[in-house]
Amino acid sequence: MALRHAVLAALLDGEYSGYQLAKAFDIGVANFWHALPQQLYAELTKLEKEGLVAGRQVVQESRPNKRLFRVTEAGRAELETFAAAASKPSFIRDDLLVKVQAADRIGTAPVIEQLRERASAAEAKIELLSTLLRQLRGGVDEEEFLLRGERIGPYLTCLRGLSFEREHRDWCLRIAAVLRERERADHARR
């Protein structure tokens with residue numbers, strides 16, 4: 001998957017400025033695709049040149065003018081082609097896992113601290129995603145929303161993000177506890 005597909009998918013919900021797109025990425029898309037605002041602006045420029053998005057200038061009185069972007073028919077066709085293509089398997093590439101792999105040979109204290117920090121960050125993301133899911137549902141319960149909700153794609157990806165963050169938090173806490181216990185046992189043997 002390329003950033004272009006994530007941008008096109010985010011724009012399916014309507015017109016966004018680059019700033020609004022960056023906010024949408026921070027809230028919903030970031031749980032499966034990370035991009036810096038500069039990358040988003042550059043991608044919007046490319047997509048517009050390729051005719052996959054259309055931009056229009058909005059003149060504002062008390063603020064600088066802004067450009068709003070929307071997906072074109074060619075952009076929808078690009079997304080349909082992307083959706084039909086086989087997906088590559090997921091993989092984990094995480095520097096913390098390298099540190100955990102080496103922890104029993106290099107010392108556990110800094111790794112334990114980083115695991116705690118990651119667990120805390122995951123907890124904050126769990127709260128954010130839970131709030132977002134409630135907002136997307138409105139006053140409807142989840143099963144009803146999943147059956148009859150107008151647009152469930154963002155909801156489904158947030159569910160995946162929530163599941164990932166919960167598992168990640170639990171793993172970090174467990175591994176920190178294992179490393180602490182091994183450290184205690186090692187000190188007791190000395």
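Reply: A search of the whole structure finds 0 disulfides, a disulfide being a pair of cysteine sulfur atoms within 2.5 Å. The model is predicted: local features need pLDDT of at least 70 and side-chain atom pairs count only at pLDDT 80 or more, while totals for chains, interfaces and linings use all residues. Residues are numbered from 1 along each chain as its sequence is written, and side-chain values use heavy atoms, without hydrogens or water.

Cys158 counts as buried because its relative accessibility is 1%, and Cys172 likewise counts as buried, at 0%. Buried means under 20% relative accessible area with a 1.4 Å probe, protein chains only.

A pocket is an open set of points on a 1 Å grid over the protein atoms alone, where a 1.4 Å probe fits, with protein on both sides within 12 Å along at least five of seven lines; lining residues have an atom within 4 Å of a point.

Helix 5 (95–106) and helix 8 (153–189) each supply at least two lining residues; helices are DSSP runs (H or I, at least four residues), numbered from the N terminus. Helix 8 gives the largest share, 6 residues. The lining includes Ala103, Asp104, Leu179, Arg182, Glu183 and His187. By class, 2 lining residues are nonpolar, 3 polar and 6 charged, where Asp, Glu, Lys and Arg count as charged, Ala and Leu are among the nonpolar residues, and Gly is among the polar ones.

Terms used: Buried means under 20% relative accessible area, exposed over 50%, partly exposed in between (1.4 Å probe, protein chains only).
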